[in-house]
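Let's take a walk through this structure, one piece at a time. Keep the 3D view open as you read.

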Amino acid sequence: MRFVILTGMSGAGKSTALKMMEDMGYYCVDNLPVPLVERFIELSDSASTELQKVAVGIDVRNGQNLDEMRQVLAHIHAGGRICEILFLDAEDPVLVKRYKETRRSHPLAFGERVDKGIGKERERLKFLKEQADYIIDTSRLLTRELKAELEKIFVNNKEYQNMFITVLSFGFKYGIPADADLVFDVRFLPNPYYVEGLRAKSGNDKEIQDYVLQFPEAHHFLNKLDDMVRFLIPYYITEGKNQLVIGIGCTGGKHRSVTLANELYQRLSHDAKQPAQQPENGAGPNYGLKIEHRDIEKDALRM
């Protein structure tokens, strides 16, 4: 039997993930009281049941009983049973925004601001995150992307690293992305904006790609960037980082940055499919990956 404890921050998507796992054939129970977890595992694993895959939602709604989860996990492992922990997380500003949009109150806010409740929740769930087998940051994930990550782990049984990379193009005139971990400026390249017939197109169009990539310095930049990013990723994973945003910016975020972000994404896509490696090997591990063009539509011509 495969037994999964689904936990994490309120507002990070636990209910959505539990429904997805149910669609994947898991018998799911949400907000199971902590004192019943061990007994539930025993019943699920007994010969009288046909349950092969079980997922249980555990979070701060358990109140003071949540503290007992440390001992429960210790007993489960001591008994030789395998229990996987999936922890869903998200950045504090994202969680606050989600609470405001749904107009729900945080379970630990108790009349205070939402961010106060989030801080208390992080502290209470810290031990579960430290023991988690899988950590998924949903801050920038679409619903279908979360589903793809869950299928990778719980359906396809692929080796999973707790790292999700976003390659993000942007325009400097609209501001540097606040959540970018690495930022690269490609305004040193000739700008297609000033070339007749190219202004209205974007880096997703072949004409712009051909123009930008005709310059040797574009390829030199990509080679050096690719080499550095692939060098850094295994070390970020080793240090426990679970989300990396690589920002590539030009003036308007429509031509040069989009072209080079797409190129970097294609190179990393190959690495993302490779088996995980140790940092000293210098090879890219298995990680989640997405491309996003923040400002591609903002420079659209107005007639």
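Start with Phe 221, which is buried because its relative accessibility is 15% and the cut-off for buried is under 20%. Bear in mind that what you're looking at is a predicted model. Phe 221 sits in helix 8 (residues 216–238). Now find Phe 184, over in strand 7 (residues 182–185). Phe 184 is buried too, with 16% relative accessible area.

So what do these two rings do together? Phe 184 and Phe 221 form an edge-to-face aromatic pair, with 6.5 Å from centre to centre and 75 degrees between the planes. The two residues are 37 apart in the chain, and their pair links distant parts of it. Across the whole structure, a search turns up 9 aromatic pairs. Elsewhere, Tyr 26, Tyr 134 and Phe 154 are joined into a cluster by ring pairs.

Phe 154 is a handy bridge to the helices, as it belongs to helix 6 (residues 143–154). The axis of helix 6 comes within 10 Å of the axis of helix 1 (residues 14–23), and the two cross at roughly 50 degrees. Because of that angle, helix 1 counts as oblique to helix 6. The crossing itself is right-handed.

Which residues make the contact? From helix 1 come Thr 16, Ala 17, Met 20 and Met 21, while helix 6 brings Thr 143, Leu 146, Lys 147, Leu 150 and Phe 154. Sorted by class, that's 6 nonpolar, 2 polar and 1 charged residues.

Methods:
Residues are numbered from 1 along each chain as its sequence is written. This is a predicted model: local features need pLDDT of at least 70, side-chain atom pairs count only at pLDDT 80 or more; totals for chains, interfaces and linings use all residues. Side-chain values use heavy atoms; hydrogens and water are left out. Axes are lines fitted to C-alpha atoms, for helices over the stretch in contact, and angles run from 0 to 180 degrees between N-to-C directions. Helices (H or I, at least four residues) and strands (E, at least two) are DSSP runs, numbered from the N terminus. Angles under 35 degrees count as roughly parallel, over 145 as roughly antiparallel, 65 to 115 as roughly perpendicular and the rest as oblique. A crossing is left-handed if the near helix is turned anticlockwise from the far one by less than a right angle, and right-handed if clockwise. Contact means heavy atoms within 4.5 Å. Ala, Val, Leu, Ile, Met, Phe, Trp, Tyr, Cys and Pro count as nonpolar, Asp, Glu, Lys and Arg as charged, and the others, Gly among them, as polar. Rings of Phe, Tyr and Trp (its six-membered ring) pair if their centres lie within 6.5 Å; planes under 30 degrees apart count as stacked, over 60 as edge-to-face and the rest as tilted. Buried means under 20% relative accessible area, exposed over 50%, partly exposed in between (1.4 Å probe, protein chains only).
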